[in-house]
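I opened this model to look up how its chains are built and where they touch. My entries follow in the order in which I looked.

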Amino acid sequence: MKRVYLDHIAATPLDPGVAEAMRPFLAGRFGNPQSLHADGQEALETIEDARARVAALIGAAESEVIFTSSGSEANNFAVKGLALARRDKGCHLVLSAIEHQSVLHSAKSLEKSGFSSTLVAVDKDGLVDPEEVRKAIRKDTVLVSVMLANSEVGTVEPVAEIGKVCRAAGVPLHTDAVAAAGSIPVNVGALGVDALSLAGDQFYGPKGSAALFIRKGVRILPFIDGGIQEGGRRGGTENVMGIVGLGKAADIAGQKLGERAQAMTALRDKLIEELPRRVGHVVLTGHREKRLPHHVSFCVEFVEGESMLLNLDMKGIATSSGSACTSRALKASHVLLAMGLDHALAQGSLVFSLVDGTTAADIDYVLEVFPPIVERLRQMSPLYTQFLEDNRK
Amino acid sequence: MIYSDKVMDHFQNPRNVGVIKDADGMGQVGNPVCGDMMTFYIKVKDERLEDIKFQTFGCGAAIAVSSMVSEMAKGKTIDEAMKITNATVAESLDGLPKNKLHCSNLGADALHAAIEDYRKKQAAARGEAAEGTVAKDQCYCPYCEGPLEGAEEFCDHCQIEFEDCPHCGNLAKKGAEKCPACGADLSQP
């Protein structure tokens, strides 16, 4: 059966160029970068070359990039490492209400050591107001963390403006750019951030390859105690093959980002415009313009997300949902609730996220297959029956 | 696949979907805050469930569970239908993922609520006082069964603080040794 993969936010396919770059490390090149012999030194050169490529993608210096195993690790590293390094200055954090769980739960974990945090609310489009961040910062605030883009609703946050607020207040700013880096232009200087997380599997690199940018001179506690890898801040033998893949993916993203974004934006806009014409009672979630080029997210009224997702999957279309039933914890998405959606509407969450190579025919296929799925599910929905009855009155 | 073939069959081809306009009994359980919502309609003749229809807002499991319950109960006597339990529904579907077991809970509850509604109407027709039935239209504390308001972190009735069971996602008392929903051992961190 035809497969249409529209779940970029979960994983992107490996770019063939990335796979090619990684292949020698699957068989043959196995040296440990910390070894002094030729095999080791060759591996060291390889990861330092990758570091330069990742740094170039975000406008950082090579020495400011630390490799990690995932975006979640980078977020944990940043939030805990930056907060704990400033313990003597205070123990208060400012986060947006729609941060990824790896940021929110890191802050929660810090609460056990006496930290507290303020969650900055977002508007109906999921946007953080820099002025609200300014108001939330206290004398004892030691870290602000606001994501660059949200993977559930696609909204791109005004991080550069928040950066100005933080600099004026003298508080370091971390941004979780996992959903954004490699898909939209990211420059740590222009953003004015002190730390930034990114992950290779969001821009056609391998899983298990990610990085944390830490601005030179900004103190951070080591995340994994061990050897001297990553400047002593993250011990453990380097994932050489993954790092090589990340470097190559960063390289390709740097060259093709604009072209990829342009192609996907056109298809994204077609889906955003056309789907509500074919299915009634759907609400676009996230900001219409300030959003990721590959991101389309809706809440479909009277229908639950997982049942739509499974039906689409049976038609060969891969998507995501933020409905409570889809999450293992059976909780509605904190992002959608923070944007003021009610529980019933949040349950109808569905995300179509495009990848490089998605075609106009793929979008047409979604537009053809999706309406009857919704219609069928609505026919068995008590909420829809109730809605029709209320309308009749 | 997270679901058994039987669940997927009932999800794709749900039996007895619909509304009975002149139903003898109607039962509704759950709400979108908890995740799922089910409405069951029954027609009763000579104490037998002559017809059953349902509507469900919910995940694949919730739809499959409703369909299975309707199939299991159709043609049965009311007393037999009251014996359908969450466990037998889940079993008939060749099992459900642990965190979806509460869906099967709802299916039998919705059917039983429809039967209670029928009995209530019968009693009212005979001029007897109706027996009180619990309207299950919201989330309930797994310990005291008191209704929970929106955010499910604390039960106002029995003053228990909850956390999510890492195994099934249902509510468990903070620090509890055993999950009340799936029975998982929570004593080990």
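Entry 1, strand pairing. I count two strands as paired if DSSP finds at least two bridges between them. The model is predicted, so I keep local features only at pLDDT of at least 70. With that settled, I looked up strand E5 (residues 141–145) and strand E6 (residues 173–176) of chain A, and found them paired in the parallel sense over two bridges. Across this pair, Ser145(A) stands opposite His174(A) of E6(A).

I found strand E3 (residues 92–96) of chain A pairing with E5(A), in the parallel sense and over four bridges. Here Val94(A) is opposite Val144(A) of E5(A).

How many residues of E5(A) are buried? I counted five of the five, so the strand is largely enclosed by the rest of the structure. For this count a residue is buried if 20 or more other C-beta atoms lie within 10 Å of its own.

I wrote down the strand order in chain A as E2-E8-E7-E6-E5-E3-E4, an open sheet of seven strands with mixed pairing. Which strands stand at the edges? They are strand E2 (65–68) and strand E4 (116–120) of chain A; each has a single partner strand, so one side of each is left without a neighbour in the sheet. From one strand to the next, the twist in this sheet averages 20°. I also looked for a helix against the sheet and noted helix H2 (residues 38–58) of chain A, which packs on it and touches E2, strand E7 (195–199) and strand E8 (210–214) of chain A. The direction of this helix makes about 115° with that of E2(A).

I looked up the division of chain A: domain 1 takes 4–10 + 256–392, and domain 2 takes 16–253. Their C-alpha centres lie 29 Å apart. The contact draws 22 residues from domain 1 of chain A and 25 residues from domain 2 of chain A. On the domain 1 side, the elements that give two or more residues are helix H8 (240–278), strand E10 (295–300) and helix H10 (334–338) of chain A. H8(A) gives the most to that side, with three residues. By class, I list nine nonpolar, nine polar and four charged residues on the side of domain 1 that touches domain 2.

I noted five helices and six strands in chain B. Along the sequence, their pattern reads α-β-β-β-α-α-α-α-β-β-β. Of the 189 residues in chain B, 43% are buried. I also looked at contacts in chain B between residues at least 6 apart in sequence, and 51% of these join residues at least 24 apart.

Three strands of chain B form an open sheet in the order E1-E2-E3, with antiparallel pairing. Its edge strands are strand E1 (25–30) and E3 of chain B, each pairing on one side only. The twist here averages 15° from one strand to the next. I checked E1(B) against E2(B) and found antiparallel pairing over six bridges. Gly30(B) has Met37(B), in E2(B), as its bridge partner.

H2(B) lies across E2 and E3 of chain B, at about 175° to E3(B). Which helix of chain A lies across E1, E2 and E3 of chain B? I found helix H13 (residues 382–392) of chain A there, running at about 85° to E3(B).

I looked up the pairing of sides and found 20 residues of chain B in contact with 18 residues of chain A. On the chain B side, strand E2 (37–45), strand E3 (48–57) and helix H2 (60–73) of chain B are the elements that give two or more residues. E3(B) gives the most to this side, with three residues. By class, the chain B side has 10 nonpolar, nine polar and one charged residues.

Notes
Residues numbered from 1 in each chain as written. Chains lettered and ligands numbered in written order. Predicted model: local features only at pLDDT ≥ 70, side-chain atom pairs only at ≥ 80, totals over all residues. Domains from an automatic or database assignment. Contact = placed C-beta atoms within 7 Å. Nonpolar A, V, L, I, M, F, W, Y, C, P; charged D, E, K, R; others polar. Axes fitted to C-alpha atoms, helices over the stretch in contact; angles between N-to-C directions. Buried ≥ 20, exposed ≤ 12 C-beta atoms within 10 Å, placed from the backbone.
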